[in-house]
Number of protein chains: 2
Amino acid sequence: MPISAEHDDTERHLKQLTEDLETGKLAELNQLLQALTPAEIADLLEALKPADRLVVWRLLPPEVAGEVLVELHEEVRGSLIKALEKTDAEDLIEAAGALDPDDLADIVEDLPETIRDKVVQALSHHDRRRLERVLTYPEDTAGSLMRTDTITVRPNVTLDVVLRYLRQRGELPDLTDALYVVDKDDRLIGILPLSVLLTSDPNKTVRELMLTDVEAIPAALPASDVAMLFEHHDWVSAPVVDEEGRLVGRITVDDVVDVIRDEAEHTIMSQAGLSEETDMFAPISESAKRRAVWLGVNLVTAFLAAWVIGLFEATIQKEVALAVLMPIVASMGGIAGTQTQTLVIRALALKQIGEANVWTLLTREIAIGLINGVLWAIVVGIIAAIWFQALHIGLLIAAAMIINLLCAAFAGVMIPLLLDKLGIDPALAGGVVLTTVTDVVGFLAFLGLATLWLF
Amino acid sequence: MPISAEHDDTERHLKQLTEDLETGKLAELNQLLQALTPAEIADLLEALKPADRLVVWRLLPPEVAGEVLVELHEEVRGSLIKALEKTDAEDLIEAAGALDPDDLADIVEDLPETIRDKVVQALSHHDRRRLERVLTYPEDTAGSLMRTDTITVRPNVTLDVVLRYLRQRGELPDLTDALYVVDKDDRLIGILPLSVLLTSDPNKTVRELMLTDVEAIPAALPASDVAMLFEHHDWVSAPVVDEEGRLVGRITVDDVVDVIRDEAEHTIMSQAGLSEETDMFAPISESAKRRAVWLGVNLVTAFLAAWVIGLFEATIQKEVALAVLMPIVASMGGIAGTQTQTLVIRALALKQIGEANVWTLLTREIAIGLINGVLWAIVVGIIAAIWFQALHIGLLIAAAMIINLLCAAFAGVMIPLLLDKLGIDPALAGGVVLTTVTDVVGFLAFLGLATLWLF
């Protein structure tokens, strides 16, 4: 059967690969690898121990090996290149050299200098210029994301001429869905979708049929804005222009998909103080060091909360029930605040928050905080009063809960907005700051009110 | 200038839109809306209060209004349709009726029955069959994701015939990058990329040039697996086949991008117990109710932790410093465990975890937990001992920290794996379960050891 309807499954491949590695069945291993795309092999490599990654990578033909490097998470790529540098320098040079200049640009900074020099020297003049063009743009901009394999046509030729040119040229670059129409100064003046080329009268000229109502992407546009443009317009590819409107390249949807995936990973990993480029099997000492930093940051806030509790030692001594119940107040505040903050962070990412609606959002969240504060204050108050057979304990915790949930709603809206204004990533710092607020307010409200009552 | 290099910016549009709404400048409002894509308008609508959404939606021409409905988050769409049902039933019918059957399929279940019936009845026989074909597949499968606007060709015709057919047909469906080659029973036997069609000798037959090494997507494949296939293969579109290998439709990358975005939102929102379809401006009572459920779940675990503390009331009474310091032990465990769990959840999503490497991962995480446990135990121990002028307090918290960080590493690996096996979403439930473990173990270790020491 020519058409395989089987879908890929990294977990199954991982099992087979590990078995083949253990039993040394290199022929089977090669067969498996040949059936996979570079992206699939990269996913597999990341699931392997560093030593096994080396073994597998060495089995790959150079052109695949290079593309696999491009597809790996940065940290995994870095450690693999470091391991290859000494023993397999030649293979590394060959693999990197086999890459398209646009792909090479993604990894060239990760190559050790000696290897990088050799790879760049081996490029043709044309390819070196393509590489340099992409490298002039800062990371995470449209310019760094683009490929330079555009096909350009002039406006005054007929479609028939274009068709003959394409046939003579053979093969189109991957994901080409349009030809770009430029004037003699390389300025983009329109695009000619392949679908138009295929369905129109061949005797008409490009000028008659090209689309001129085109949004070209400025090379300096941030990658996240590029992703949003693609999502909003359902593009397959889009032209990139410099400040003078000259065509410098094009961005294709496959790279945009990677941006979207990276951004999502960034948000998720940041919340735990991790980088989205994290290697699951990085050296233990390195992982431990990086995580220690995050634990240290959180320790400071934990000590701050402890210090607040310490202010009320005498109160707790007098009424130990307070120590038993105080984590409930803090934790409910944290949960409620996180809900609000998560909504706000999503809206920020979609640029859906501005002066126009922030006030509505804030009052709405505070109203929800009040409703849930009162609701759960009653529940927790009754349980606490019965548990400790003391009405005042129930009243105290109920009041503290309402205060903390109101505060959590306010903080959940304001903290991410403030961090965003300050240029700090709310996904990374929001959680720490928010729980510091809800912990401190929670302990302060509960133990403070208790002190006023008891003394 | 024909080429606009301006990028879209929801926040700026939101500001302008709100001003136009307030001042009643309908002409300006219309002008702004005409310049935006349906996806952009949907993003804008979601940032507006429900009442304003109605006003803006009514200004849209039917074909745009329908597409905007498709692009909205489910919850926003639901409330908008509900608001429109009584006063604007006719407009709603017109907007839904203007949709392509493949898009209509995405929202038809959200329409009230009376409106749905009218929309479906107004469809041509052909369109109704297309709608039905998509609706037979369960949500979140390839079948429900697909469009039915495929162009098929027979293997025995020449490219020249195909080219003439396309010219006669005019326009291709959006995001068409290949024609599908089928036999007389509609079975997919190959694909003919437009790039091949454009660059090959027109006298050759389709059979000579079609690609047969094609992965067709089974209609029952889960949407998340479809997304992974697209990412691994850099596809623009891919054919969907039924169990007999018959072509039933195609999936295009724009819809895959939406799946990827939805999945990312799902993970992020789930961690806070929210749905990715959440409307930022849903009615307060509804939002409050939904969030109350999540707070209730977390309250149970908070009471569990409180109950553990309650076991040691006598110990705390004797040594109040314990109450001051105990949140530190619990919180550091929670942070460390969350880091591990976040890594594991990402790896699970990429199917990078299996029997083959789970043991390596577990020992690695425990080693990291041990290193950081010892490190921060020393730091916290010294600070605590100095703060309370008591060596035993320092020793107790240090020991408890090590125990809790080891436990956190173990739980961080095992909890998401276990939840995944049970078919429970680890992103949703993982956090609650994990912090329950780290809170309980943290309090138990610290207060338990103290009790052994003091009594």
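Which residue lies over the face of Phe455(B), and at what distance from the ring centre? The first point below gives the reply; the others go through the rest of this predicted model.

1. Charge over ring. Lys318(B) is the residue that lies over the face of Phe455(B), at 4.2 Å from the ring centre. In chain A, the charged end of Lys318(A) sits over the ring of Phe455(A), 4.2 Å from its centre.

2. Aromatic pairs. Over all chains there are 6 aromatic pairs. One of them is formed by Trp387(A) and Phe388(A), which are stacked, with 4.8 Å from centre to centre and 25° between the planes. The stacked label follows because the planes of such a pair must be under 30 degrees apart. Phe388(A) is buried at 16% relative accessibility, whereas Trp387(A) is partly exposed with a relative accessible area of 31%.

3. A ring pair between chains. Trp387(A) also pairs with Phe303(B): the ring centres are 6.3 Å apart and the planes stand at 45°, so this pair is tilted. Because Trp387(A) belongs to helix H20 (residues 355-387) of chain A and Phe303(B) to helix H17 (residues 284-310) of chain B, the contact joins two chains. Phe303(B) has 14% relative accessibility and therefore counts as buried. A further cluster, linked by ring pairs, holds Phe303(A), Trp387(B) and Phe388(B).

4. Positive phi at Asp186(B). Most residues other than glycine have a negative phi. Asp186(B) is not a glycine, yet its phi is positive, at about 70°. The residue is placed in the loop between strand E2 (178-182) and strand E3 (188-193) of chain B. Its relative accessibility is 39%, so Asp186(B) counts as partly exposed.

5. Positive phi at Asp234(B). Asp234(B), also not a glycine, has a positive phi of about 55°. Its loop runs between helix H15 (223-233) and strand E5 (237-241) of chain B. With a relative accessible area of 31%, Asp234(B) is partly exposed.

6. Sheet in chain B. An open sheet is formed by 3 strands of chain B in the order E4-E5-E6, with mixed pairing. Strand E4 (217-218) and strand E6 (247-252) of chain B are the edge strands, each pairing on one side only. Between E5(B) and E6(B) the pairing is antiparallel, over 5 bridges. Within the sheet, Val241(B) stands opposite Leu247(B) of E6(B).

7. Cysteines. What is the count of disulfides over all chains? The count comes to 0. A disulfide is a covalent bond between the sulfur atoms of two cysteines. As for individual cysteines, Cys407(A) is partly exposed, with a relative accessible area of 26%. Cys407(B) is partly exposed as well, with a relative accessible area of 25%.

8. Annotated spans. According to an unreviewed UniProt entry, the annotation "domain: CBS" covers residues 146-209 and 210-268 of chain A. In the model, residues 146-209 of chain A are 33% helix and 20% strand, and the end C-alpha atoms of this span lie 26 Å apart. Residues 210-268 of chain A are 46% helix and 22% strand, with the end C-alpha atoms 42 Å apart.

Definitions and conventions
Residues are numbered from 1 along each chain as its sequence is written. Chains are lettered from A and ligands numbered from 1 in the order in which they are written. This is a predicted model: local features need pLDDT of at least 70, side-chain atom pairs count only at pLDDT 80 or more; totals for chains, interfaces and linings use all residues. Side-chain values use heavy atoms; hydrogens and water are left out. UniProt positions are given in the numbering used here, feature names are shortened, and annotations may be inferred rather than shown by experiment. Helices (H or I, at least four residues) and strands (E, at least two) are DSSP runs, numbered from the N terminus. Buried means under 20% relative accessible area, exposed over 50%, partly exposed in between (1.4 Å probe, protein chains only). A disulfide is a pair of cysteine sulfur atoms within 2.5 Å. Rings of Phe, Tyr and Trp (its six-membered ring) pair if their centres lie within 6.5 Å; planes under 30 degrees apart count as stacked, over 60 as edge-to-face and the rest as tilted. A charge sits over a ring if NZ of Lys or CZ of Arg is within 6 Å of the ring centre and within 35 degrees of the ring normal. Two strands pair if DSSP finds at least two bridges between them.
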